[in-house]
Amino acid sequence: MLAVRDGDLDCMGELFERHHGPLFGYVSKLTGDRTAAEDITQIVFQRMLKYRHTYRDQGSFTAWMYHLARRCTCDHFRKASPAPVAVDPSELESHADESRGADESAASKDDHALLHRALSRLDSGDREVLLLSRLQELSFAEIAGILECSVGAARVRAHRALRSLRDQYHRLQKEPLT
Amino acid sequence: MNCQTCTDHMPELADAKLDEKTAALVRAHLGGCPACSGEFESLRRTLEALDALPAAAPSHRLRARVMGDIEAEKLTLRRQAGWASSIRAAADSRRGRRFALLPLLVPSLGACALVALGFMLGERTATQRQLADLRSRVDTMGQLFEQSVLQKRATGERLETVLTAGEARRPDERVINGLINSMAFDTSVNVRLNALNALYSHADQEVVRAGVLACLPRETSPLVQVAMIDFLVAAREHAAAPELRRLVGDSQADIDVRESARRAIELL
């Protein structure tokens, strides 16, 4: 990122290749909306370009990136229209779930679906801190910086969010199928 | 260790982030406390399930869109750094070779004449029928552009095609004409700008300069208009002078476009 800040924009492509997967995965789980996650991920990289001059070699690049992602996600939900968005039918194919094959067990799919639902039932702040805490690249000190709170508070919030998720997950497992 | 302290340490124990001494104390408590042991096991399974949740993969459009943003930013940087002057020097150095290549350019010139004819005949809101007609007359568009540019593919895909075409070391006539076509007709400013950017490497070709000149009166975006004017100056396209004079006197034109046209006339 330092090279990008100093004008070498070719390095931006390398940063994208290295980080867009985990970033997209994080935003995708956070929003539960694949299309929105792509838009937000693009905006994060746009802001990196736009605000590259403000990047300082203090702390990790990853923490800075997730800090931008947090703001972009907030902006997205603030601006989000309640009106349904038209989708080009020709693009639906690429939206299909390509992550799992038909031979995967249905039980596993059900578990994943339940966990997604449990995540979506969490308070957005709990979901955010929990997902950040599962990113290997981030320490609690960095998460605390992103969330603008103390390290202790970040840790306590993550633990509380994990318990909430566990409770929601168990509750959903016990619910009868509709 | 009591149950409360043990509970506080459970997530770190599940993540193996506790120091050895504390981890041993927590494990000892778990061994003798069925309630805490059950709590720990359920948290551990939840974390495992969360970590095993498959990460969604973005579509290829995301890459094209971000790379398009990066290229657009590079273009802005280059323009700020006086990119036009370096291109002019490159065009000058190639000028001497232009006539030796004339026989090779004749087919391209013919294609360009048809493209230009299409521009003259077509209105800004060119219909698909006109596009199809122009395409059939030019008859030089490669499959690349046939597939992605003229068939209403997503902007990201069209941009990707233009960027790929721009990277070709020795693009053939079809690719050059496809880039000119994108610059003329694409609905996205980003795609038009990148098509123009890709054409800079071929500013020594008569067909390219004529194509840019033919597109300038049709262009509606001031950003692209200024980029086209820079291109024509860089390529020392003296034939652009009448169009530049028209722009200077056009009160409807964007003020930056008029100023760019005025400076271009001075430079030419």
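**Figure 1. Helix H8 of chain A and its cover.** The buried residues of helix H8 (residues 140-147) of chain A are Glu142(A), Ile143(A), Ala144(A) and Ile146(A). Buried means that 20 or more other C-beta atoms, placed from the backbone, lie within 10 Å of a residue's own. Helices are DSSP runs of H or I with at least four residues, strands runs of E with at least two, numbered from the N terminus. The model is predicted: local features need pLDDT of at least 70 and side-chain atom pairs count only at pLDDT 80 or more, while totals for chains, interfaces and linings use all residues. Residues are numbered from 1 along each chain as its sequence is written, with chains lettered from A and ligands numbered from 1 in the order in which they are written. The cover over the buried residues of H8(A) includes helix H4 (61-79), helix H7 (124-133) and H9 of chain A.

**Figure 2. Chain A as a whole.** Chain A has nine helices and zero strands, in the order α-α-α-α-α-α-α-α-α along the sequence. Of the 178 residues in chain A, 30% are buried. Contacts are pairs of residues whose C-beta atoms, placed from the backbone, lie within 7 Å. Among the contacts in chain A between residues at least 6 apart in sequence, 68% link residues at least 24 apart.

**Figure 3. The contact between chains A and B.** Chain A gives 30 residues to the contact and chain B gives 25. On the chain B side, helix H3 (34-52) and helix H4 (60-80) are the elements that give two or more residues. H4(B) has the largest share of that side, nine residues. The chain B side divides into 17 nonpolar, three polar and five charged residues (nonpolar: Ala, Val, Leu, Ile, Met, Phe, Trp, Tyr, Cys and Pro; charged: Asp, Glu, Lys and Arg; polar: the others, Gly among them).

**Figure 4. H9 of chain A crossing H3 of chain B.** The axes of helix H9 (residues 151-174) of chain A and H3(B) come within 10 Å and cross at roughly 90°. H9(A) and H3(B) are therefore roughly perpendicular (angles of 65 to 115 degrees; under 35 is roughly parallel). From H9(A), Leu162(A), Leu165(A), Arg166(A) and Tyr169(A) make the contact; from H3(B), Ser42(B), Leu43(B), Thr46(B), Leu47(B) and Leu50(B) do. By class, this contact has six nonpolar, two polar and one charged residues.

**Figure 5. Nonpolar cores.** In the largest nonpolar core, of 49 residues, Val27(A), Val44(A), Ala69(A) and Leu165(A) touch the most other members. A core is a set of buried Ala, Val, Leu, Ile, Met, Phe, Trp, Tyr and Cys residues joined through C-beta atoms within 7 Å. Leaving out residues up to four places away in sequence, Leu165(A) touches Ala118(A), Leu119(A), Leu122(A), Leu130(A), Thr46(B) and Leu50(B). Another core lies apart from the largest one and has 41 residues, including Val162(B), Leu213(B), Ala227(B) and Ala261(B).

**Figure 6. H12 of chain B with H10 of chain B.** Helix H12 (residues 206-215) of chain B is largely enclosed by the rest of the structure, because eight of its 10 residues are buried. These are Val207(B), Val208(B), Arg209(B), Gly211(B), Val212(B), Leu213(B), Ala214(B) and Cys215(B). Helix H10 (residues 173-185) of chain B packs on H12(B) at an angle of about 15°, with the axes 10 Å apart. H10(B) is thus roughly parallel to H12(B). Axes are lines fitted to C-alpha atoms, for helices over the stretch in contact, and angles run from 0 to 180 degrees between N-to-C directions. Ile176(B), Ile180(B), Met183(B) and Ala184(B) of H10(B) meet Val207(B), Val208(B), Gly211(B) and Cys215(B) of H12(B) in this contact. Seven of the residues in the contact of H10(B) with H12(B) are nonpolar, one is polar and none is charged.

Technical notes
Contact = placed C-beta atoms within 7 Å. Buried ≥ 20, exposed ≤ 12 C-beta atoms within 10 Å, placed from the backbone. Parallel < 35°, antiparallel > 145°, perpendicular 65-115°, else oblique.
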